[in-house]
Amino acid sequence: MNKKFAAAVSGGAVLMLVLSGCGGDETDDKADAWAKKVCDKWQPELKKIETAGTDIKRVATQNSEPAEVKTTDSAAFGTMSESYKAMGAALQGAGVPPVKDGETTQASAVKSFEEASKGYADLKAKMDGLDPQDKTKFAAGLKEVAGGLEAASKGGKDALNTLKAGGLDNAMNSQKGCQVAAASPPPK
């Protein structure tokens, strides 16, 4: 059961946050400056999300005791919630992106990051409510939490898709702060 949970986590929680593509030939200077503001603030949050995902995967694949799984997963979900909230705030703080319908793009992406933050906060609350002493109920609760991972990660994916559709993918791809290593394929 833990390996299935790890697969769900690596597929849902650790997003590859590079927007896709290799950057444009001639990106607009204003878009680059805007993307730099965002990506510089995102870099530490992306690292926290990546580390949290790795921690969850570690306890899920090492036959860890339920109490360790509960503590680790709860902390990781809390970190992810805070990081997605911070990413939305950084996006808001950078101002309206210099693209067509920039206000709409920004508002939609910020809302999606807030949804991801709430989703992970909800998973943390569910994790905190599990009793590691009752292994059967804990396993059932863990399965329910794993089922919520896709919904929690959807907000982050939606936010990135909004930015990409808004024409910001080239500017953001060119910023080191928005690039993270690709997640390894989930175990089967």
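**Close-up views of a predicted model**

**View 1. Burial and geometry of the cysteine pair Cys39 and Cys178.** Both Cys39 and Cys178 are buried, where buried stands for under 20% relative accessible area, calculated with a 1.4 Å probe on protein chains only. The two residues form a disulfide with their sulfur atoms 1.9 Å apart, a disulfide being a pair of cysteine sulfur atoms within 2.5 Å, and by this rule the count comes to one. The torsion about the S-S bond of Cys39 and Cys178 is about -90 degrees, so the disulfide is left-handed. The pair links distant parts of the chain, 139 residues apart, with Cys39 in helix α2 (residues 29–61) and Cys178 in the segment after α6 (169–173); helices are DSSP runs of H or I with at least four residues, numbered from the N terminus.

This is a predicted model, in which local features need pLDDT of at least 70 and side-chain atom pairs count only at pLDDT 80 or more, while totals for chains, interfaces and linings use all residues. Residues are numbered from 1 along each chain as its sequence is written, and side-chain values use heavy atoms, with hydrogens and water left out.

**View 2. The largest nonpolar core.** This core, a set of buried Ala, Val, Leu, Ile, Met, Phe, Trp, Tyr and Cys residues joined through side-chain atoms within 4.5 Å, has 40 residues, of which Trp34, Trp42, Phe77, Leu91 and Met172 touch the most other members. At least two residues of the core come from each of α2, α3 (66–93), α4 (102–128), α5 (135–165) and α6, and α2 gives the most, with 11 residues.

Key:
Buried < 20%, exposed > 50% of the residue type's maximum accessible area, 1.4 Å probe, protein only.
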